[in-house]
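Hi,

Here is the structure I promised to pass on. Please have a look at it first, and then read on for what turned up.

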Amino acid sequence: MSRQAGISLLESLVAMSILAVAVLGMLGVQLRALAETQTSVRRAQSVRLIEDFAERIKTHPQGFGPPQDQSDEPGPMLARADCRIAACDAGMLAHWDLAAWKLAIADTLPRGAGQVFANSGHEAGRGELLGVMVAWRANERTEGDAAYRKALVVDSPAGLGLDCPTGLICHLAHVQP
């Protein structure tokens with residue numbers, strides 16, 4: 001009996017170590033699942049924001065032509081006039097809608113930004129399409145080479161090259177005015 005002293009204590013210590021490793025592993029899996037859930041929520045928000053922009057275009061398509069006063073940085077811009085309180089023509093209303101949409105992106109997504117660019121339709125009779133790109137901060141701590149963070153470069157027929165800013169995730173869609 002004296003030779004067995006301390007064995008149950010050693011067995012308990014080994015069992016506690018195995019349990020601690022298992023709990024830490026499950027915690028890591030849970031944190032990764034939470035990060036992936038955040039990424040999918042951000043993607044869903046970006047789709048809703050693009051749908052909002054498409055609806056804005058449908059309400060007054062004559063004001064939305066190829067964007068002419070786009071800056072290179074896809075951030076929020078200031079509207080020339082507030083069309084909620086003043087009468088606006090189609091061009092001013094389109095500019096106000098674009099500014100309100102970019103502000104909604106900045107308010108909804110982390111480091112959120114939007115860009116609109118001209119893109120010709122590929123099918124006959126479809127006419128001019130507007131490309132819409134929404135970008136937001138990646139929900140990652142390190143700069144890995146995940147497929148969803150792969151650089152996105154858009155070549156428009158006018159030679160305007162847009163790319164997804166470094167460290168951001170982008171969602172691209174085309175809408176027809």
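A residue counts as buried under 20% relative accessible area, as exposed over 50% and as partly exposed in between, with a 1.4 Å probe and protein chains only. By that rule Phe-53 is buried, at 0% relative accessibility, and Trp-101 is buried as well, with a relative accessible area of 0%.

Before going further, some housekeeping. This is a predicted model, in which local features need pLDDT of at least 70 and side-chain atom pairs count only at pLDDT 80 or more, while totals for chains, interfaces and linings use all residues. Residues are numbered from 1 along each chain as its sequence is written, and side-chain values use heavy atoms, with hydrogens and water left out.

Back to those two rings. The structure holds one aromatic pair, where rings of Phe, Tyr and Trp (its six-membered ring) pair if their centres lie within 6.5 Å. Phe-53 and Trp-101 form it, at 4.6 Å centre to centre and 40° between the planes, which is tilted (under 30 degrees would be stacked, over 60 edge-to-face). Phe-53 sits in helix H1 (residues 7-59) and Trp-101 in helix H2, so the pair ties together parts that are 48 residues apart in sequence. Helices (H or I, at least four residues) and strands (E, at least two) are DSSP runs, numbered from the N terminus.

How do H1 and H2 pack? Their angle is about 170°, with the axes 10 Å apart; axes are lines fitted to C-alpha atoms, for helices over the stretch in contact, and angles run from 0 to 180 degrees between N-to-C directions. H1 is therefore roughly antiparallel to H2 (over 145 degrees). The contact (heavy atoms within 4.5 Å) includes Leu-49, Ile-50 and Phe-53 of H1 and Leu-98, Trp-101 and Ile-105 of H2. Its residues divide into nine nonpolar, two polar and four charged.

The largest nonpolar core has 18 residues, and Phe-53, Trp-101, Val-134 and Val-175 have the most contacts inside it. Such a core is a set of buried Ala, Val, Leu, Ile, Met, Phe, Trp, Tyr and Cys residues joined through side-chain atoms within 4.5 Å. H1, H2, strand S2 (128-137) and strand S5 (168-175) each supply at least two of its residues, with the largest share, five residues, coming from H1. A second, separate core of five residues includes Met-133, Ala-135, Cys-164 and Leu-168.

Lastly, Met-92 lies in H2 (residues 90-108) and is partly exposed, with a relative accessible area of 31%.

Best wishes

Notes. Parallel < 35°, antiparallel > 145°, perpendicular 65-115°, else oblique. Nonpolar A, V, L, I, M, F, W, Y, C, P; charged D, E, K, R; others polar.
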